[in-house]
Amino acid sequence: MGHKLKIAGWVSVGIVAGALTTVSLQTVARGAMTPLPLEEIQQLSAVFGLIKTDYVEPVDDKKLITDAISGMVSSLDPHSQYFDKKSFKEFREGTTGRFVGVGIEITQEDGLIKIVSPIEGSPADRAGLKTNDLITKIDDTAVKGLTLNEAVKRMRGEPNTKVTLTILRKEESRSFPVTITREEIKTQSVKAKLVEPGYAWIRLSQFQERTVDDFVRKVEEIYKQDPRLKGLVLDLRNDPGGLLDAAVAVSAAFLPENVTVVSTNGQLAESKATFKAAPEFYQRRGSGDPLKRLPAAIKTVPLVVLVNEGSASASEIVAGALQDHRRATVMGSQTFGKGSVQTVRPLGPDTGIKLTTARYYTPSGKSIQAKGIVPDVMLDETAEGDIYASLRMREADLEKHLTSGQGEEVKDAAREKAREEAKKRLEEEAKKPIAERKLPEFGSDKDFQLIQALNQLKGRTVVASKTLTERKEEKKDN
């Protein structure tokens, strides 16, 4: 590629473990290092010696060193991570869209594992697991106290083996076990359909190696069905991210050539880069430009982008680029705010670290980190409202999160009060029949936000949210 930063292929998103990825930039090691703090190094050596001589039982040297490295890296922010041999292999598998597991996107909440969403068509999806379900046990191991990475390891395994997850479903006030057979998960990252004559819906669930080709193929199919498309909805809700080149390519599909899609900035010279809507910034080595197959009309078709709190990293790059260039109307709720770059650096043939090395900025220079993308039009999830918005986790809620680096952060004094009110309403909602509580499937005829997006494209009245407001970045306690 003709720019300083080479797109690497692997990165984690923060809200998703193992199965899904966001964005990675591979850089060279820094040419010069500051002198090592000798006093602190001596303390580290002294602690190591005390553990070896005084601890109640012998401890393996390799384990002590590995745990020290892991703790040092993980203490920086939620997305920096040390990879041992197994986790490095699993991490690499994530970007291909293939891995062996149960098929869920997860995060942590109150020491438990929270399901962000089951991957469509996966064993977890078929078993009936739902968004916001909490996993309290994996087989006979309590989740409390496990790191996200450790929990992922226990859920991963060989194909056709079984794992039993104990699920706490707060909305139904019950806990129950679910036994799931692991299998190779082949995620389909692009879905599309003609919603009605003249209007189409394309959903990207993540940005993988195959996403751009699948996206182009789906657009071709839509235009074959209706060459006179009047409007398009690009659905990025609950898209936790993926590969940077895929995000740049999807943005470039709609934008004029050579305009800025996203920029990065960090300490290293190599982390200061600008990515444009041009083939050299997304084209894979040895392959042609997949966007050449797209119909020319894709550049001008009226466009709405749907986002929510689950839209993170690469999906925020796309939404931010299309919004800043006034190419699309962004609708939904404020995005996750995962605007940091993780560089994957090998420490040996089978181990490495994922280190936060830069922040992402939209074309107008706004930091995505801990802020996210604020929609042009705020939408509730349903016609009845969006009463649980204050309960949803975003980057700014994560412990040790990196700040935006732009101005003073302010504490939202009303947020905790809103949380308490939402919790009370959640308890009341839990008393209703299950059928009345389930949110409609994305892309269905009952998808309230999709209906509003279509209204926007048709110039009809849009039912905007009366409760959702921009969530300011909260002050970080040091």
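## Paired strands

Two strands are said to pair if DSSP finds at least two bridges between them; strands (E, at least two residues) and helices (H or I, at least four) are DSSP runs, numbered from the N terminus. In this predicted model, local features need pLDDT of at least 70 and side-chain atom pairs count only at pLDDT 80 or more, while totals for chains, interfaces and linings use all residues. Residues are numbered from 1 along each chain as its sequence is written, and side-chain values use heavy atoms, with hydrogens and water left out.

Strand 12 (residues 190–196) pairs with strand 13 (residues 199–204) in the antiparallel sense, over 6 bridges. Ala 192 stands opposite Ile 202 in strand 13. The two strands form a hairpin with 2 residues between them, and Gly 198 in the turn has a positive phi of about 95°.

## A buried aspartate

Asp 77 lies in the loop between helix 2 (61–74) and strand 3 (81–83). Asp 77 is buried, that is, under 20% relative accessible area with a 1.4 Å probe and protein chains only. Asp 77 has no salt bridge, a term for a side-chain nitrogen of Lys or Arg within 4 Å of a carboxyl oxygen of Asp or Glu. The nearest side chain of opposite charge, Lys 354, is 6.9 Å away; Lys and Arg count as positive, Asp and Glu as negative, and His and the chain ends are not counted.

## Helix 1

Ile 41 is located in helix 1 (residues 38–54). Ile 41 counts as partly exposed because its relative accessibility is 40%, and partly exposed covers the range between buried and exposed (over 50%).
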